[in-house]
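Please open the model in your viewer and keep the selection tool at hand. The stops below follow one another, each with something to select and something to look for.

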Amino acid sequence: MKNKLLTVSILIALVLGACAYEMITIDNVFKDSCEIIDSMSDLERQNKKDELLEASDKLYQLWGKKMPILSMFVQHEIVDEIEQSIAIIKSSVEQDDSDTFQTEITRAAIQIQSLRDTEFPYIENIL
């Protein structure tokens, strides 16, 4: 009986630890991505092309690095859509396509916010 209780306690601790790790990871990616996206919008308005290109590379690398971790916890379609938007952002910056950049940066920001909102244990997500 004690072994079963210990096993159950360990499994519950592992599940809670994995959930906490998921929330922390998603929150960190959300904060980092939004910070970069906000700076990219400012850089685009100020017409600083070189810095904008660096920021787009930084955002692309952030998602490239975090994609495997996020894919373990979140539906692949959601993460794939965000990654696609980020790739289009990078391409539009390289091609100096301001209209596509504005569209995709807005789309990516909304998708990242939606990812965070749907994965956190808010009362509306539980009910």
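Are H3 and H4 roughly parallel or roughly antiparallel to each other? Before turning to them, note that this is a predicted model, in which local features need pLDDT of at least 70 and side-chain atom pairs count only at pLDDT 80 or more, while totals for chains, interfaces and linings use all residues. Residues are numbered from 1 along each chain as its sequence is written, and side-chain values use heavy atoms, with hydrogens and water left out.

Select residues 76-94, helix H3, and residues 98-119, helix H4, which pack at an angle of about 155° with their axes 9 Å apart. Helices here are DSSP runs of H or I with at least four residues, numbered from the N terminus; axes are lines fitted to C-alpha atoms over the stretch in contact, and angles run from 0 to 180 degrees between N-to-C directions. H3 and H4 are therefore roughly antiparallel to each other, a term for angles over 145 degrees. H3 passes H4 in a left-handed crossing, meaning that the near helix is turned anticlockwise from the far one by less than a right angle. Among the residues that meet here are Ile82 and Ile89 in H3 and Phe101 and Ile105 in H4, where contact means heavy atoms within 4.5 Å.

The contact includes Tyr60 and Trp63 of H2, together with Ile86 and Ala87 of H3.

Now select residues 2-45, which form helix H1. The axes of H1 and H4 come within 10 Å and cross at roughly 160°, so these two helices are also roughly antiparallel to each other. Among the residues making this contact are Phe30 and Ile37 of H1 and Phe101 and Ile112 of H4.

The whole structure holds seven salt bridges.

Key:
Angles under 35 degrees count as roughly parallel, over 145 as roughly antiparallel, 65 to 115 as roughly perpendicular and the rest as oblique. A salt bridge is a side-chain nitrogen of Lys or Arg within 4 Å of a carboxyl oxygen of Asp or Glu.
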